[in-house]
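Here is a short tour of one metal site and the fold around it. Take a look at the structure first, and then let us walk through it together.

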Amino acid sequence: MSYFPAVPQIPFEGPETDNPFAFRHYEKTQTVRGRTMAEHFKFACAYWHTFTNGGGDPFGGPTRVYPWDRKPDPVDRARDKADAAFEFMTKLGLDWFCFHDRDLVDEGTTPAESERLLAATADHVSEHMADTGIGLLWGTANLFSHPRYMNGAATNPDFAVVAHAAAQVQQALDVTIRLGGENYVFWGGREGYMSLLNTDMKRELDNLGRFLGLARDYARAQGFTGTFFIEPKPCEPSKHQYDYDAATVVGFLRHYGLADDFKLNIEVNHATLSGHTFEHELQVAADAGMLGSIDANRGDYQNGWDTDQFPNNLHELTEAMLVILRAGGLQGGGVNFDAKLRRNSTDLEDLFHAHIGGMDLFARALLAADRILEESPIEAMRQERYASFDAGSGAAFARGKLSLSELAALAAGEPEMRSGKQELFENLVNRYL
Ligand code: XUL
Ligand code: CO
């Protein structure tokens, strides 16, 4: 049975096509900087937004009742969902997917029952993976929806809840490993606080650091060789989340001895919520050698919450691709569409329009960023701003060879004014859009 009978396999037809069910820019096999577009991006479908989210919000229930979400038995429903997911991904040419344990199948009433439900679902999913060649980019555990996690999961003040979180992470790691997952993600949805008055922040952070180390040790002992990602976010659902932004997470990972195994998964809308740009967050991660993966979406400039809209801003995405290309690409991860349809987009085929648009936009951004780096003077201009550190005393300072007094003795006359030329840099980028 087909869940999307009206939608064909999505072809690449080029920029001039009028066909809304075709790619205009994303051509999987096109090579840019020695890698195919498919290799650059490793586009992944987010199981939660695309197959489990019917459009509910705090003011009303779902507007989409999915045909794969009807049967009473949880494993039957999970199998139908997987059938729909793999049909969808195959038609789009999406080679990867990502899930939370609870997106695959409902939670059981005990950890043992949850484990049984997960294993039964994984059997079915792994058959689809074998048939289609679609891979698991990352798995994760949903440690934020169940009421038991209202005060946090690994940072919960109650040890009994921390143990429950451990049972869930262990099972999520098992299923990720079983399905050949390339990476494993921690997003600390409720790892944070609502009020400092009732919170021992140091104790909670110590517990979080310890918990992540235990998860790493367990997964490594099971033979997992992939990368663990932390996904920073400043707030929502907690008032203050411990994984506030990229710089905070880099410091945290180094402090708790996790930097060798963990990298960052940077999400666009989380970056903007933390008061940074997406490209700033990417740059912080890249400079720390920890740019692992991205969650692609965007926020809305007229409001301040995590709207998770599909990417739609070529200019911003091109600036992000400049950072990613300069960093040599993503380390192990890919581009996961952590994005959802608007609540009033109620046709099943809207799921296709959303992903086609996102993939095409990334392709355009990649092509533009590549040309900016190859054809424009932008790289040379940026280097030139720092040229005084490349030779002579500047280079000696950069190598740590000058004391403060030696440096001070080199101060002579008022330095010549040197323009930052921001407008020219901006014009150079715009020229390629
Ligand atoms: C929430 C969010 C999550 C993570 C995975 O804002 O981004 O969906 O990506 O838990
Ligand atoms: Co995300």
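Both E231 and D295 are buried, where buried means under 20% relative accessible area with a 1.4 Å probe and protein chains only. This is a predicted model, in which local features need pLDDT of at least 70, side-chain atom pairs count only at pLDDT 80 or more, and totals for chains, interfaces and linings use all residues. Residues are numbered from 1 along each chain as its sequence is written, chains are lettered from A and ligands numbered from 1 in written order, and side-chain values use heavy atoms, without hydrogens or water.

What coordinates the cobalt ion (ligand 2)? The donors (N, O and S atoms within 2.8 Å of the metal, or 3.2 Å for Na, K and Ca) come from the residues below, at 1.9 to 2.1 Å.

| Residue | Donor atom type |
|---|---|
| E231 | OE |
| E267 | OE |
| D295 | OD |
| D338 | OD |

E231 sits in the loop between β8 (227-230) and β9 (240-241) and D295 in strand β11 (residues 291-295), so this pair links parts 64 residues apart in sequence. Strands here are DSSP runs of E with at least two residues, numbered from the N terminus.

Now for the surrounding fold. A barrel is closed by 8 strands with parallel pairing, in the order β3-β4-β5-β6-β8-β10-β11-β12. Strands pair if DSSP finds at least two bridges between them; β10 (residues 262-267) and β11 have 4 bridges, in the parallel sense. Across this pairing, N265 is opposite S293 in β11.

Conventions:
Buried means under 20% relative accessible area, exposed over 50%, partly exposed in between (1.4 Å probe, protein chains only).
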